[in-house]
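This report examines selected local features of the structure shown below.

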2 protein chains.
Amino acid sequence: MRAASEPLKARRIYLLLKDKIASGELADGERLPGEFALAEEHSVSRVTIRQALDLLAGEDLIQKKSGLGTFVHRPPSKVRTVLADVANVFAHLIEMGRTTDVRLLSFDYVTPPDQIREALQLAPDERSQRSVRVRLVDGVPFSYLIAHVPERIGRLYSRDDLARMPLLELIERSGLTSASARQEISAVLSSPDVAAALDVDVGMPLVALRRTVYGKDGQPMEHLQALYRPDRYTLQMNLERTGDEGHRHWSPTAEVYRRERPRRRPPVRKVGKS
Amino acid sequence: MRAASEPLKARRIYLLLKDKIASGELADGERLPGEFALAEEHSVSRVTIRQALDLLAGEDLIQKKSGLGTFVHRPPSKVRTVLADVANVFAHLIEMGRTTDVRLLSFDYVTPPDQIREALQLAPDERSQRSVRVRLVDGVPFSYLIAHVPERIGRLYSRDDLARMPLLELIERSGLTSASARQEISAVLSSPDVAAALDVDVGMPLVALRRTVYGKDGQPMEHLQALYRPDRYTLQMNLERTGDEGHRHWSPTAEVYRRERPRRRPPVRKVGKS
């Protein structure tokens with residue numbers, strides 16, 4: 001789209017700067033580049049830059065100090081950041097159930113999209129139990145979870161069960177045992193329904209995780225699409241070098257490497273990840 | 001920003017639909033919802049929806065078939081998707097050097113931002129060797145890499161070296177050995193400079209990886225910020241259940257779990273990841 005109107009350009013720059021503040025690339029107290037520099041970087045007029053800055057100031061994300069410039073205003077949040085160790089999916093499920101809340105948005109039996117049918121290896125006429133949940137920490141949403149479970153397994157728990165307990169725990173309660181999982185991590189834009197549920201602007205970036213969990217027999221038991229707010233959820237992993245020089249590679253370690261978090265980050269609490 | 005102009009809204013919806021097509025959520029040949037449904041979902045007029053669809057049609061991403069509806073047009077790409085196994089960072093560095101190309105955008109010695117200074121544990125007056133690279137597969141960019149190395153280590157290789165060899169290989173050539181790494185995965189919006197380098201629209205989502213590599217002595221050797229096009233790069237990992245029922249957890253496996261890729265995906269080639 002070539003000929004963008006001024007408010008369009010201003011909103012684009014507003015979202016980009018807001019994203020940089022959320023990611024910490026622009027830290028609390030940091031001075032923003034001047035209007036000239038920003039106008040050049042984004043190929044827009046200074047009027048457009050001022051409109052974008054006004055939007056940020058309206059949300060109290062920046063402060064203009066006359067004669068000094070414009071500064072990022074993002075004091076440490078009282079809301080904890082959820083830290084998930086990718087090497088430790090299951091271990092913290094129970095702790096997560098205790099330390100975060102869940103809101104069940106929908107629960108039904110559906111004909112899943114092709115991509116999910118393939119992942120779950122369903123027969124053409126087989127349905128899935130589909131649920132949409134939002135997880136919250138300190139009352140603030142951080143993840144949006146769409147789960148599909150083959151109907152024959154999904155009939156083993158109820159809507160009320162899922163409103164109270166983690167999905168994998170419910171599946172295992174029925175005597176099924178998960179043995180392996182395959183995950184892919186990507187990034188997507190928040191669409192209107194997800195943005196509303198996660199309390200972010202439409203068009204902000206989200207971490208997208210797809211996970212298929214397999215039972216001991218190799219049969220798929222669950223397919224999860226998880227969308228995470230990057231400012232509230234950090235996927236982390238630690239790697240250790242193994243093997244000799246000729247055959248060197250990194251192996252993930254289950255133990256989290258602990259170090260001081262940068263001072264500008266909000267308080268951190270480590271929990272599980274779905 | 002409440003009162004959005006029509007072109008602003010149209011571009012927002014254009015980006016959201018383009019993202020859904022890129023991620024495969026809307027698959028090749030799939031029928032889009034009707035204009036009424038899209039207008040309701042995005043809280044806009046049908047005029048705005050038609051503007052957004054015109055933009056997509058202009059890029060040949062959808063096709064309108066009169067009387068039938070609008071269909072996604074995304075035939076399998078001839079460009080390979082890069083598959084990176086998170087459990088196997090180093091093993092494929094050499095293969096990656098062979099199978100992908102690198103474009104060195106900048107190479108200098110700088111005073112790094114606070115966040116990176118902390119990660120590299122630099123003294124207040126210590127500088128870093130900063131490089132910006134783009135990696136390409138089949139001539140198409142998939143990653144944008146900003147690397148910082150403490151200057152005392154960064155002096156051990158030249159600009160020409162980095163234009164030819166992977167950074168970690170150059171560092172190790174000097175006799176230093178990497179022993180462990182810490183990674184965090186997030187998502188960001190593409191800013192103008194990154195969007196230009198990766199050939200995507202400004203405001204599209206990117207996978208963001210931050211990695212600090214440590215030597216045998218525990219000292220940081222390298223800090224990498226990597227931004228990946230989600231349509232060209234997939235971060236994957238495989239987990240296996242270990243431990244007994246009372247102490248169950250998942251462990252990543254270095255070996256990639258292979259299965260048929262969904263038919264709509266482009267051809268895949270597995271390489272390393274930075």
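## Surroundings of His42(A)

Leaving out residues up to four places away in sequence, His42(A) touches Ile13(A), Leu16(A), Ile49(A) and Pro192(B), where contact means heavy atoms within 4.5 Å. The model is predicted: local features need pLDDT of at least 70 and side-chain atom pairs count only at pLDDT 80 or more, while totals for chains, interfaces and linings use all residues. Residues are numbered from 1 along each chain as its sequence is written, chains are lettered from A and ligands numbered from 1 in the order in which they are written, and side-chain values use heavy atoms, with hydrogens and water left out.

His42(A) belongs to helix α2 (residues 35-42) of chain A; helices (H or I, at least four residues) and strands (E, at least two) are DSSP runs, numbered from the N terminus. With a relative accessibility of 8%, His42(A) counts as buried. Buried means under 20% relative accessible area, exposed over 50%, and partly exposed in between (1.4 Å probe, protein chains only).

Leu38(A), Ala39(A) and His42(A) are the buried residues named in α2(A). These residues cover an arc of only 100° around the axis and therefore sit on the same side of α2(A); the arc is that of the directions from the helix axis to the C-beta atoms. Phe36(A) and Glu40(A), on the other side of α2(A), are exposed. Ser43(A) follows α2(A) and has a positive phi, near 55°.

## Helix α3 of chain B

Helix α3 of chain B comprises 13 residues (46-58), which at 1.5 Å a residue should span 18 Å, and the separation of its end C-alpha atoms, 18 Å, agrees. The expected span of a helix is 1.5 Å times one less than its number of residues. Thr48(B), Ile49(B), Ala52(B), Leu53(B) and Leu56(B) are the buried residues of α3(B). Viewed down the axis of α3(B), the buried residues fall within an arc of 135°, so they line one face of the helix. Just after α3(B), Asp60(B) adopts a positive phi of about 60°.

## Packing of α2(B) against α3(B)

Two packed helices are described by the angle between their axes and the distance between the axes. For α2(B) and α3(B), the axes come within 9 Å and cross at roughly 105°. Axes are lines fitted to C-alpha atoms, for helices over the stretch in contact, and angles run from 0 to 180 degrees between N-to-C directions.

Glu35(B), Phe36(B), Leu38(B), Ala39(B) and His42(B) make the contact from α2(B), and Arg46(B), Ile49(B), Arg50(B) and Leu53(B) make it from α3(B).

## Loop residues

Gly29(B) occupies the loop between α1 (6-23) and α2 (35-42) of chain B and is partly exposed, at 46% relative accessibility. Apart from neighbours within four places in sequence, Gly29(B) is in contact with Phe71(B) and Val72(B). The C-alpha atoms of Gly29(B) and Arg74(B) are 7.5 Å apart, although the two residues are 45 residues apart in sequence.

Asp138(A) is a residue other than glycine with a positive phi, near 55°. Asp138(A) is located in the loop between β5 (128-137) and β6 (140-150) of chain A and is partly exposed, with a relative accessible area of 40%. Gln121(B), also not a glycine, has a positive phi of about 50°. The loop between α5 (114-120) and β5 (128-137) of chain B contains Gln121(B), which is partly exposed at 44% relative accessibility.

## Phe107(A) in strand β4

Strand β4 (residues 101-110) of chain A includes Phe107(A), which is buried with a relative accessible area of 11%. Beyond four places in sequence, Phe107(A) touches Gln129(A), Arg130(A), Ser131(A), Tyr157(A), Ser158(A), Arg159(A) and Leu162(A). Phe107(A) and Arg133(A) are 26 residues apart along the chain, and their C-alpha atoms are separated by 9.0 Å.

## Chain A as a whole

Chain A has nine helices and 12 strands, and 57% of its 274 residues count as buried. Among the contacts in chain A with a separation of 6 or more, 63% involve residues 24 or more positions apart.
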